[in-house]
Every structure is written in C-alpha cells, then in structure tokens.
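This briefing goes through one protein model, topic by topic. Please keep the sequence and the structure in view while reading.

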Amino acid sequence: MKRVLVLARTFGKYSSEPLKLLQDNGFEIERRQQVDVDDLKGFDAVIVGVQKITREMMQNSSVKIIAKHGVGVDNIDLEAATELGIPVTVTPNANAVSVAELTIGFIFALSKKLIDLHNTLYQKRQFVSITGLELLGKTLGIVGFGSIGKEVAKRALCLGMRVLVYDPYVEESVLKELGFEKADLDQLLRQSDFVSLHVPLNESTRHLIDREKLSLMKKTAYLINTARGGVVDEEALVEALKNGQIAGAALDVFNAEPLPVDSPFFGCPNVIMTPHVGAHTYEAILRMNMMAAESIVDFFNNKIPKHVVNKEVIPRLLERGFTRQT
C-alpha cells in the first residue's frame, strides 16, 4: 500500500471527499504538523502546505511526488526535486477568488477606515466619525496579473476604479481589451491610490517593493500584500508606515510566519494584519484538497499530473511509460 504524508493542516478538514479519493485508490494517509530531516522516510507522496521541504529531506526519503496545497513553491527546494526526478504539483486557480475577495475587502477596510471605526466604537465606546474615501475613480495598481491578479482587477473595474497592471509577461493589447492599462512598476507606484501585490516569491521578486519603490508611492496611498511576505522589504515598509511615507498597508503574509510577538508591525497603527488566511474559505480549501489528491492518484496511475511546476521532469516520466492527459 502506498503511503501519503499530509502536512497541509486544512487537507480533509471540512470534507472527507479528498481523503476518500486517496483511500479508495489504495493509499494509507498519515498526518503531521511538522517534519524533520528524516521524517519523509517511508512515504511515497507528500501533500505540503507551508512547511519547508529541503534537499536533504528528499534525499533521505522514498518520496516520488510532492503535491503543494496552494501555488507558492518557495518552501520547496524545486531544484533538488527536479534533480531527483520528483514532480512538484500545485493547485492553480483554486484559491484565486478567495484571495481576490480578501484583497477587495482590504481595499474597503482601508478606504472606509473600518478597523479604526470599529475599535473606537467597540473598544473605547466613542461615537467618533472618521472620514473615508470613495473608490469610484481611484487608481488600483496590480503587480502581477496571474489568476489572482485578474480576479482582483475584474472586481475593481466593477467598482469604477482605474486599473493599472504591471506584469512584463502580459501583452498590452490583452490588458487593453479587458479594460486595464499596462504600466511599468515605477509608473504604477507613482499613480496608484492602492497597490496590490500578486506575484510569486522568487529571486526576481524578493524585495521587489523596497525602500526606493516605497518612496515612489503617494503619501495617501496604501500597500496591500496577499502574495508572499518576502516580496516586500518589511524593514523599509515599517519605516514608511511610521514616517507617513504611505498612508497605510494591509498584510495577509509575512516574511516570518507565524508573525513574531515582537514584530515591529505591532507598533504601526496604520496597518491591517490577518494571519495568512487569503485562501481559507470552504470552497477554496476543498478545491485545493481535491486537486492535490488528484495529482497523487494520477501519478500512481502512470499519468502525468496536471500542473507540474518543474516541467523538466516530464520527459523522464514519459520515458518511464507515463502518459499525458488531454
């Protein structure tokens, strides 16, 4: 019997359907919250959330496939997986709507001062008016036009916002046809009232928003990050928040998670923070559950799984008799 190690804490939490899919296909399932260097031994597949999967862990195991419960693979040594012939799959689009809705929620909360109003009334019992902003006619800058960025852009357009997009891989004609404007990053930062980040974390995007980039933003502008904490230079962001370089920020992701209790963000009253819950809706979790489970089932049925991110392993799978899916 094949053994699957489940590290993603929400896998099968709200529905037994993904667990049943694996069990009906002859898999034994074991759950763990954390793993050490030798903890992958004896397992044929791993469903991983945010835990680090290192080269040494893979080398010390018999793991044949890693299914990421989500889309960001910055916690997996992708180079090592490729060298070892281990396909790594993701669950694209599964959480796009959920993260996009959180982003729009952040925009409303920031523009209407909802958190300040709630805290003043609920905690201080003070009936004080704070002036907010209308979103109609405001400019939203979207950095990264993947599945989540697209969903955010569509919703912003419905709110009457002007949408600028920075994504070097998307043609201007495609954006124009959808009603959006293409911009370079500096232009987007200078013109936007809200800047929302939707890029993966890699060497080209690490600290993409640094001290210099933050200095280009309007003092009345807000930064929203639902991507990865490392995309932003957090030290520079704290300075910008405390110095009034920008009006505020909304963050669902951080460089260190869980957020340390001594994080300087706790000293920034103009920031809204949530504990990396953008994808935490019943609908998104079930979609991610099923896609991760299906990848493992397909692999052990000699089918190349959908959404393999390290595509360099695919020729080796074909040589072993695996078939492509239509």
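Leaving aside its neighbours within four places in sequence, which residues is K2 in contact with? In this predicted model, the contacts of K2 are G26, F27, E28, D44 and F300.

**K2 and strand β1**
- K2 lies in strand β1, which covers residues 2-6.
- The relative accessibility of K2 is 36%, so this residue counts as partly exposed.
- Q23 is 21 residues from K2 in sequence, and the two C-alpha atoms are 9.9 Å apart in space.

**Helix α6**
- Helix α6 runs over residues 147-158 and has twelve residues.
- From its first C-alpha to its last, α6 reaches 17 Å, which is close to the 16 Å expected at 1.5 Å a residue.
- I148, G149, E151, V152, A153 and A156 are the buried residues of α6.
- These buried residues of α6 pack against α4, β6 (139-143) and β7 (162-166).
- In an α-helix there are 3.6 residues a turn, so residues three or four places apart point the same way.
- G160 follows α6 and has a positive phi, near 85 degrees.

**Helix α10**
- The N-terminal end of α10 (234-243) is capped by D233, which has a side-chain oxygen 3.2 Å from the backbone nitrogen of E235.
- Within α10, the residues A236, L237, V238, A240 and L241 are buried.
- The partners against which the buried residues of α10 pack are α9, β10, β11 (248-251) and β12.

**K213 in helix α9**
- K213 sits in helix α9, which spans residues 211-216.
- Is K213 buried or exposed? K213 is buried, because its relative accessible area is 17% and the cut-off for buried is under 20%.
- The side chain of K213 makes a polar contact of 2.5 Å with the side chain of D186.
- Not counting residues up to four places away in sequence, K213 touches L185, D186, L189 and L208.

- T226 belongs to the loop between β10 (222-225) and α10 (234-243).
- T226 has a relative accessibility of 9% and therefore counts as buried.
- A polar contact of 3.4 Å joins the side chain of T226 to the side chain of T103.
- Apart from neighbours within four places in sequence, T226 is in contact with V99, L102, T103, F106, L197, H198, D252 and V253.

**The second largest pocket**
- The volume of the second largest pocket is about 290 Å³.
- This pocket is lined by 18 residues, of which D116, P269, N270, V271 and I272 are the closest to its centre.
- Which elements each supply at least two residues of the lining of the second largest pocket? They are α4 (96-112), α5 (114-122) and β12 (271-273).
- The largest share of this lining comes from α5, with four residues.
- By class, the lining of the second largest pocket consists of 13 nonpolar, three polar and two charged residues.

Definitions and conventions: Residues numbered from 1 in each chain as written. Predicted model: local features only at pLDDT ≥ 70, side-chain atom pairs only at ≥ 80, totals over all residues. Heavy atoms only, no water. 1 Å grid on protein atoms, 1.4 Å probe; cavity = no way out; pocket = protein on both sides within 12 Å on 5 of 7 lines; lining within 4 Å. Points joined across faces, edges and corners; volume = space filled by probe spheres on them. Nonpolar A, V, L, I, M, F, W, Y, C, P; charged D, E, K, R; others polar. Buried < 20%, exposed > 50% of the residue type's maximum accessible area, 1.4 Å probe, protein only. Polar contact = N/O pair within 3.5 Å; in protein donor to acceptor, adjacent residues only side chain to side chain. Contact = heavy atoms within 4.5 Å. Expected span 1.5 Å × (residues − 1).
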